[in-house]
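Here is a friendly walk through one protein chain, meant for someone seeing it for the first time. Take a moment with the sequence and the model before reading on.

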Amino acid sequence: MATDTETTPLTGKALLQKVKELQHLSRREKAKRCGYFSITKNNQTRVNLGEFLNAVIEARGIDLNPDGSKDGRGREPTYRVSVHKNGQIVIGSTYTQAMGLKPGDEFSIKLGYKHIHLIQVDADEDL
């Protein structure tokens, strides 16, 4: 029977730091020590090497599924914003253009735990 001791695999900067510390070990051992393994019914350790390698690639910021619309010029939007000193969040024209928004378009704001949903309000709904 599988054991109840599950480890959470490392991701992001923590994963990259651990991989650097373990550079003298094999890929399988690195994956295991970073939490990319499971215990089978026979109490055998199975290393999830593919999942580990994908996590390392993702942590390094490499996108294996690039968007086909990119023309190779200029910066790509990051879809990250920060709160300004006056408490406002500015989305930016890159995003509004990508969504086909026009001045005067309205949104409903729904607050959740650690997230905000912007829901576009159709003009027809008000009638």
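What follows goes from the overall layout to a few particular spots.

## Ground rules

This is a predicted model, so local features need pLDDT of at least 70 and side-chain atom pairs count only at pLDDT 80 or more, while totals for chains, interfaces and linings use all residues. Residues are numbered from 1 along each chain as its sequence is written, and side-chain values use heavy atoms, with hydrogens and water left out.

## The overall layout

The chain has four helices and four strands. Here helices (H or I, at least four residues) and strands (E, at least two) are DSSP runs, numbered from the N terminus.

Of the 127 residues in the chain, 11% are buried. That word means under 20% relative accessible area, with exposed meaning over 50% and partly exposed in between (1.4 Å probe, protein chains only). As for contacts (heavy atoms within 4.5 Å), take those in the chain with a separation of 6 or more: residues 24 or more positions apart account for 28% of them.

Side chains of opposite charge can pair when their charged atoms come close. The rule used for a salt bridge is a side-chain nitrogen of Lys or Arg within 4 Å of a carboxyl oxygen of Asp or Glu, and by that rule the count is one. The partners are glutamate 29 and arginine 33, whose closest N and O atoms are 3.1 Å apart.

Both partners sit in helix 2 (residues 27-33), four residues apart, or about one turn of the helix. Glutamate 29 is partly exposed at 26% relative accessibility, and arginine 33 is partly exposed too, at 46%.

## A buried cysteine and an exposed threonine

Is cysteine 34 buried or exposed? Cysteine 34 counts as buried because its relative accessibility is 2%. Leaving out residues up to four places away in sequence, cysteine 34 touches Thr8, Pro9, Leu10, Leu15, Lys18, Val19, Leu22 and Phe52. Threonine 7 is 27 residues from cysteine 34 in sequence, yet their C-alpha atoms are 8.9 Å apart.

Threonine 11 lies in the segment before helix 1 (12-21). Threonine 11 is exposed, with a relative accessible area of 54%. Valine 56 is 45 residues from threonine 11 in sequence, and the two are 7.6 Å apart in space, C-alpha to C-alpha.

Strands count as paired if DSSP finds at least two bridges between them. Strand 3 (residues 106-112) and strand 4 (residues 115-121) pair in the antiparallel sense over seven bridges. Lysine 110 stands opposite histidine 117 in strand 4, and glycine 112 has histidine 115 as its bridge partner there.

Two residues lie between the strands of this hairpin, and lysine 114 takes a positive phi near 65 degrees. Most residues other than glycine have a negative phi, and most peptide bonds are trans. Lysine 114 is also exposed, at 74% relative accessibility. Asparagine 43 is not a glycine either, and has a positive phi of about 60 degrees. Look for asparagine 43 in the loop between strand 1 (37-39) and strand 2 (45-47).

## The largest pocket

A pocket, on a 1 Å grid over the protein atoms alone, is an open set of points where a 1.4 Å probe fits, with protein on both sides within 12 Å along at least five of seven lines; lining residues have an atom within 4 Å of a point. The largest pocket has a volume of about 460 Å³, a volume being the space filled by probe spheres set on the points. Its lining has 15 residues, and the closest to its centre are Val81, Ile89, Ile91, Ile116 and Leu118.

Which element gives the most to the lining of the largest pocket? Helix 4 does, with three residues, while helix 4 (93-98), strand 3 and strand 4 each supply at least two. By class, this lining has eleven nonpolar, three polar and one charged residues. (Ala, Val, Leu, Ile, Met, Phe, Trp, Tyr, Cys and Pro count as nonpolar, Asp, Glu, Lys and Arg as charged, and the others, Gly among them, as polar.)
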